[in-house]
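Okay, thanks everyone, I'll keep this short. Let me put the structure up, and then we'll walk through it together.

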Amino acid sequence: MKVLYFSGTGNSLNVAKTLTENIYSISEMIRENRYEFSDDEVGIVFPVYCWNIPKIVKKFLEKMKIDAKYVFIITTMAGHDYATTLNAEKILNKNNINVNYRNHIRMVDNTKYLTSSDYIPFKTQSEIQQDIMALKEDIENHKEYKLDINTSAKTVSKITSLSTVVISQADRLFKSNENCVGCLLCTQACPKGNIEVEDNKLKFNHNCEACLCCINICPNKAIQAGNSSTEKQYINENVSVRELIEK
Ligand SMILES: Cc1cc2nc3c(=O)[nH]c(=O)nc-3n(C[C@H](O)[C@H](O)[C@H](O)COP(=O)(O)O)c2cc1C
Ligand code: SF4
Ligand code: SF4
């Protein structure tokens with residue numbers, strides 16, 4: 001089994017690495033210009049952004065070639081992904097890739113965690129881990145399953161696909177403070193190479209994915225988005241900072 005993943009704060013990476021050791025970061029694959037994958041099972045795991053596919057993942061899917069007996073798509077999300085998995089399937093279908101399984105898993109909401117002081121995740125991490133194990137069992141048994149998606153969900157996802165333009169500019173809300181020591185961790189972790197550091201000050205180049213990795217990974221809590229609290233940071237507890245940097 002091979003799993004391709006994109007992850008800002010580790011939820012999707014946690015799912016990917018629970019499924020198999022053979023995981024491949026989508027941002028790294030794009031940097032290496034690798035789009036062809038073959039194995040008995042090939043899967044794609046990514047977070048839902050604005051009820052749709054993150055731009056970087058969409059770009060990757062459009063170029064993908066898969067030779068596998070069983071292909072699966074899993075989204076991680078906070079509660080609503082509307083037609084995201086179906087949209088991803090349609091992109092793969094255009095490349096003559098048949099999808100056998102597409103499902104989603106509700107995990108910690110990384111946006112609410114950052115912005116809402118009283119946010120309580122709907123499940124504990126160990127309960128979420130059990131949900132991941134159920135997905136894993138489906139996949140290992142080559143279960144044929146497609147999440148049911150109704151017409152209104154399709155319409156919502158169609159409208160929100162326009163938000164990708166706004167998302168590249170999300171970093172206009174970000175600012176670094178005097179706690180920045182210029183350690184470059186955020187620049188290394190950014191999947192888009194969107195951050196530069198000059199005199200312990202960050203420069204964002206407006207090619208953002210809004211993945212929130214930089215804010216959550218900074219050891220000095222030096223990056224703030226809008227009025228969000230710099231005190232709160234979220235990284236999935238089964239994922240290390242090193243793994244997020246190397247993704
Ligand atoms: C920019 C952005 C947009 C998001 N939009 C949605 C959404 O539309 N629906 C949803 O259920 N969760 C949404 N989320 C929450 C994430 O999908 C969820 O927390 C996910 O598990 C994060 O995965 P990661 O840790 O692998 O980055 C959004 C998160 C971000 C950062
Ligand atoms: S990770 Fe934090 S301290 Fe390091 S360069 Fe980025 S903002 Fe500055
Ligand atoms: S600037 Fe921050 S939020 Fe934007 S893509 Fe890079 S790491 Fe993610």
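So, let's start at ligand 2. There are 14 residues around it, and the ones that come nearest are Cys180, Cys183, Leu185, Cys186 and Cys218. By class, that shell has 11 nonpolar and 3 polar residues, with no charged ones. Keep in mind, by the way, that this is a predicted model.

Now over to ligand 3. Here we have 15 residues around the ligand, and Cys190, Cys208, Glu209, Cys211 and Cys214 come nearest. The shell of ligand 3 splits into 10 nonpolar, 2 polar and 3 charged residues.

The largest nonpolar core has 69 residues, and the ones with the most contacts inside it are Tyr5, Cys186 and Cys214. Strand S4, residues 65–77, gives the largest share of that core, 7 residues. And where does this core lie? Between domain 1 (2–162) and domain 2 (165–245), because both give residues to it.

What about Tyr5? Setting aside neighbours within four places in sequence, Tyr5 is in contact with Ser12, Leu13, Ala16, Ile23, Ser25, Ile26, Val45 and Phe46.

Okay, zooming out. The protein has 11 helices and 10 strands. Its radius of gyration is 18 Å, close to the 18 Å from the globule rule for 247 residues, so the protein is as compact as a globular protein of that length. Along the principal axes, the C-alpha atoms fill a box of roughly 50 × 40 × 35 Å. Of the 247 residues, 42% count as buried. And of the contacts between residues at least 6 apart in sequence, 75% join residues at least 24 apart.

That's it from me.

Notes
Residues numbered from 1 in each chain as written. Chains lettered and ligands numbered in written order. Predicted model: local features only at pLDDT ≥ 70, side-chain atom pairs only at ≥ 80, totals over all residues. Near = placed C-beta within 6 Å. Nonpolar A, V, L, I, M, F, W, Y, C, P; charged D, E, K, R; others polar. Core = buried A, V, L, I, M, F, W, Y, C linked by C-beta atoms within 7 Å. Buried ≥ 20, exposed ≤ 12 C-beta atoms within 10 Å, placed from the backbone. Helix = DSSP H or I, 4+ residues; strand = E, 2+ residues; numbered from the N terminus. Domains from an automatic or database assignment. Contact = placed C-beta atoms within 7 Å. Rg over C-alpha atoms; globule rule 2.2 N^0.38 Å.
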